[in-house]
Amino acid sequence: MTFSEVVESVKKLSFQEKEELKSLVEKYLVEEKREEIYQHYVISQQRQKEGKLTFSSDIDELMRSLEN
């Protein structure tokens with residue numbers, strides 16, 4: 001099913017069904033964001049174990065590290 005077909009199908013739903021769908025989509029988006037945050041956490045933990053993660057409170061040093 002294409003995106004436009006999905007949109008057309010949603011248009012045909014009742015108001016209550018659209019509200020429920022909206023709630024489900026919001027829930028799914030939150031879950032996806034949590035998973036993304038968790039994956040970043042796992043990667044940073046691995047980098048720290050490998051000694052590839054550095055910490056600094058020096059703004060210039062942080063900016064240089066972002067440029068690399």
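Predicted model: local features only at pLDDT ≥ 70, side-chain atom pairs only at ≥ 80, totals over all residues.
The chain has three helices and zero strands, and its radius of gyration of 21 Å is well over the 11 Å that the globule rule gives for 68 residues, so the chain is more spread out than a compact globule.

**Overall shape and surface**

- Starting at the N terminus, the elements follow the order α-α-α.
- Along the principal axes, the C-alpha atoms fill a box of roughly 55 × 25 × 20 Å.
- As for burial, 0% of the 68 residues count as buried.

**The aromatic pair**

- Searching the whole structure turns up one aromatic pair.
- The partners are Tyr-38 and Tyr-41, whose ring centres are 6.2 Å apart.
- Their planes meet at 35°, so the pair is tilted; planes under 30 degrees apart would count as stacked.

**The largest pocket**

- The largest pocket holds about 280 Å³ of space.
- It is lined by 13 residues, and those closest to its centre are Lys-52, Leu-53, Thr-54, Ser-65 and Leu-66.
- Two elements, H2 and helix H3 (59-67), each give two or more residues to this lining.
- Sorted by class, the lining of the largest pocket contains four nonpolar, six polar and three charged residues.

**A loop residue to look at: Phe-55**

- Where does Phe-55 lie? Its place is in the loop between H2 and H3.
- Is Phe-55 buried or exposed? With a relative accessible area of 65%, Phe-55 is exposed, since the cut-off for that class is over 50%.
- Phe-55 and Lys-27 are 28 residues apart along the chain, and 34 Å separates their C-alpha atoms.

Methods: Residues numbered from 1 in each chain as written. Heavy atoms only, no water. Phe/Tyr/Trp six-rings, centres within 6.5 Å; stacked < 30°, edge-to-face > 60°. 1 Å grid on protein atoms, 1.4 Å probe; cavity = no way out; pocket = protein on both sides within 12 Å on 5 of 7 lines; lining within 4 Å. Points joined across faces, edges and corners; volume = space filled by probe spheres on them. Helix = DSSP H or I, 4+ residues; strand = E, 2+ residues; numbered from the N terminus. Nonpolar A, V, L, I, M, F, W, Y, C, P; charged D, E, K, R; others polar. Rg over C-alpha atoms; globule rule 2.2 N^0.38 Å. Buried < 20%, exposed > 50% of the residue type's maximum accessible area, 1.4 Å probe, protein only.
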